[in-house]
Amino acid sequence: MNAIDLQGVTKSYGRTRALAGVDLSFDRGVTGLLGPNGAGKTTLLRIVATSIGADSGTVRLLGRDPHGTHGDVTAIRRELGYLPQELGYPSDMTAFGFVEYVAVLKEWNDRTRRLAEVRRVLDLVGLGDLATRKVSKLSGGQKRRVGLAQSLLGDPRVLVLDEPTTGLDPAQRADLRRTLSVVAGRCAVLLSTHQTEDVAALCERVVVLAGGRVRFDGAVSEMIRTAEGQVWLADDPGHDAVVSWRTGTGRHHVVGGMPPPGAVPAEPTLEDAYLLMLGADARTASARAAPA
Amino acid sequence: MTTPHTTWHADDDLLAAYVAGELDPIGGASVEQHLTRCAECRVRIRPLVDVPALDRTWLAIRDTVQSPVLPLPIRVARRLGLPEPTSVLLAATASLRTAWLASAVVALAFAVLAAAWSSDGVIAPFLLVAPLIPVLGVAAAYGPHEDPLESLVVTAPYGRTRLILLRTLAVLASALPVAVPLGFLLPGPVWLAVAWLGPALALVPVLLALASFVGPRAAGATVAIGWSAVVLGSLRPLPATWPVEATQQVVYLGLAALAGVVLYVRTRHDRQIGAVL
């Protein structure tokens, strides 16, 4: 039995189709969800987190139907950790108070065990020393880690993280990688991000969503291989490249199209593979990103 | 500050007596002073210390320091048997804070004073304010933003409906015991003192039903404006007690029943998993 099973899942908001028939299943290990804005990543994660229901298709979480009985939904939620994309923090709560509040919502009713568990997850994300600090006094990255801490309460079997790396500096990203590698052995981790480097660093498996459909699903190494032979270093940008940019050495990193004269094949990265996969979308995105 | 050339060291008996707490205050303080400066004595005292006991003490201190202080009404409720986990949930409720309750009581006390001091017993200010206190308390329970924890509450096993009903009951249980006695200070017929509870209790389900569509802020504002219109509209043409007379009470009851049905249908038929309140 897979921890997460989705078949033919669709979801629309009014006339906007967020998910247009998605088949995916996940078991233990870390999977990264990549895709442009509006690709359906957050919708997919919210469905897995039982925050919203799918319009059609079947969703099975830990072998249960989240649309089923109250008992089924509650049983799923007991095994679920969720870090939403936007998480507000009540202004006068401390980091400890916040995580304790969520712990009560997760039915940690025995006070001694609850306090020990809250301390454990705060230590796990490296916030043990800041536990008594008001959340409003914490930095963006620290707040994100408070959010991550609450999602780890009770060692969930399904962990859904919507953009967990937002606001984290490189050292904190490395910490996150360590934390996820600790939990991934016994838990299905599903995380979304805009950063291909995050996926390369944190995940074994990658799913690319675009326009509400699955464009790619496989190992990270497999996805990188799709770009083999299509990435070059050259002295000019290449006239039909999917995307190219000037690197620090003054040469151009050219992805896709015909190799420019004198081009040297380069080792592809996950980002190259992602840009090739999304083609036109990526071209407009990079045009917007580089006005100069 | 370390003094490198300490010649004197505490002997084992002295250290043992210090750990056991058997020294007099001055002796204990001097051993403590010495220990902060002498690494050698710190090494020798280590085996004498009961580490698990020290850990327990430290954890107890951490728990006390890190646990948020509970607002007064919740501390009272704990004494009366409110379960401990529930008190953690309620402590985060903005309108159960002492400050919020105090301002509600002050507003109501002014309304009562106005009625008592006016020559012809004007009760409109009281009728205007009193029924809105529970309603606004429930609306304000969400805090300054519509519940910032919304997305987490929705996916927690505790359940959102349960949390909202718990907060509503808590607001009623904390606001009514102070509001009801004030009602008895009103001039006029004695039944007035309890009659305002009709709209007060009926408007709460109306608020919850409205909030399931437009959120607690807008719902609170709508109910407040609606109730003010009823009270102020009846001010001139009708007797002062009109808003809480028997016929009107039946209307409030009907509204409350309707709101109950709306809530029931909403929680049943929405595709959102969980509740919609």
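Four bridges join strand β10 (residues 231-234) of chain A to strand β12 (residues 252-255) of chain A, and the two run antiparallel. That pairing is a handy way into this predicted model. Below we go through the sheets of chain A, a few of its residues, the A-B interface, and a helix pair in chain B.

**The four-stranded sheet of chain A**
- The β10(A)-β12(A) pair belongs to an open sheet of four strands, ordered β11-β12-β10-β13 (chain A), with antiparallel pairing.
- β11 (243-246) and β13 (264-265) of chain A sit at the edges with a single partner strand each, so one side of each has no neighbour in the sheet.

**The three-stranded sheet of chain A**
- Another open sheet takes three strands in the order β2-β1-β4 (chain A), again with antiparallel pairing.
- Here the edges are β2 (16-26) and β4 (56-61) of chain A; each has a single partner strand, so one side of each is left without a neighbour in the sheet.
- From one strand to the next, the twist averages 25°.
- Eight bridges tie strand β1 (residues 4-13) of chain A to β2(A), and these two run antiparallel.
- If you want one bridge to check by eye, Lys11(A) has Leu19(A) in β2(A) as its bridge partner.

**Two positive phi values**
- Asp155(A) isn't a glycine, yet its phi is positive, at about 50°.
- You'll find Asp155(A) in the loop between α5 (140-151) and β6 (158-162) of chain A.
- Asp155(A) counts as partly exposed because it has 14 C-beta neighbours inside 10 Å.
- Glu163(A), also a residue other than glycine, has a positive phi near 55°.
- Glu163(A) lies in the loop between β6 and α6 (170-183) of chain A.
- With 21 C-beta neighbours inside 10 Å, Glu163(A) counts as buried; the cut-off for that is 20 or more.

**His70(A)**
- His70(A) lies in helix α2 (residues 70-78) of chain A.
- His70(A) and Leu180(A) are 110 residues apart in sequence, and their C-alpha atoms are 30 Å apart in space.

**Where chain A touches chain B**
- On the A side 35 residues are in contact with 26 residues of chain B.
- Elements giving two or more residues to the A side are α2, β5 (80-83), α3 (95-105) and α4 (111-124) of chain A.
- α3(A) supplies the largest share of that side, seven residues.
- By residue type, the A side splits into 18 nonpolar, eleven polar and six charged.

**A helix pair in chain B**
- Helix α7 (residues 98-117) and helix α11 (residues 160-183) of chain B pack at an angle of about 15°, their axes 10 Å apart.
- That angle makes α7(B) roughly parallel to α11(B), since angles under 35 degrees count that way.
- The crossing of α7(B) and α11(B) is right-handed.
- On the α7(B) side, the residues that meet α11(B) are Leu101(B), Ala104(B), Val105(B), Leu108(B), Ala109(B) and Val112(B).
- Their counterparts in α11(B) are Ser174(B), Ala175(B), Val178(B), Ala179(B) and Leu182(B).
- The contact of α7(B) with α11(B) comes to ten nonpolar residues, one polar and no charged.

Note on methods
Residues are numbered from 1 along each chain as its sequence is written. Chains are lettered from A and ligands numbered from 1 in the order in which they are written. This is a predicted model: local features need pLDDT of at least 70, side-chain atom pairs count only at pLDDT 80 or more; totals for chains, interfaces and linings use all residues. Two residues are in contact if their C-beta atoms, placed from the backbone, lie within 7 Å. Ala, Val, Leu, Ile, Met, Phe, Trp, Tyr, Cys and Pro count as nonpolar, Asp, Glu, Lys and Arg as charged, and the others, Gly among them, as polar. Axes are lines fitted to C-alpha atoms, for helices over the stretch in contact, and angles run from 0 to 180 degrees between N-to-C directions. Angles under 35 degrees count as roughly parallel, over 145 as roughly antiparallel, 65 to 115 as roughly perpendicular and the rest as oblique. A crossing is left-handed if the near helix is turned anticlockwise from the far one by less than a right angle, and right-handed if clockwise. A residue is buried if 20 or more other C-beta atoms lie within 10 Å of its own, exposed if 12 or fewer, and partly exposed in between; C-beta atoms are placed from the backbone. Two strands pair if DSSP finds at least two bridges between them.
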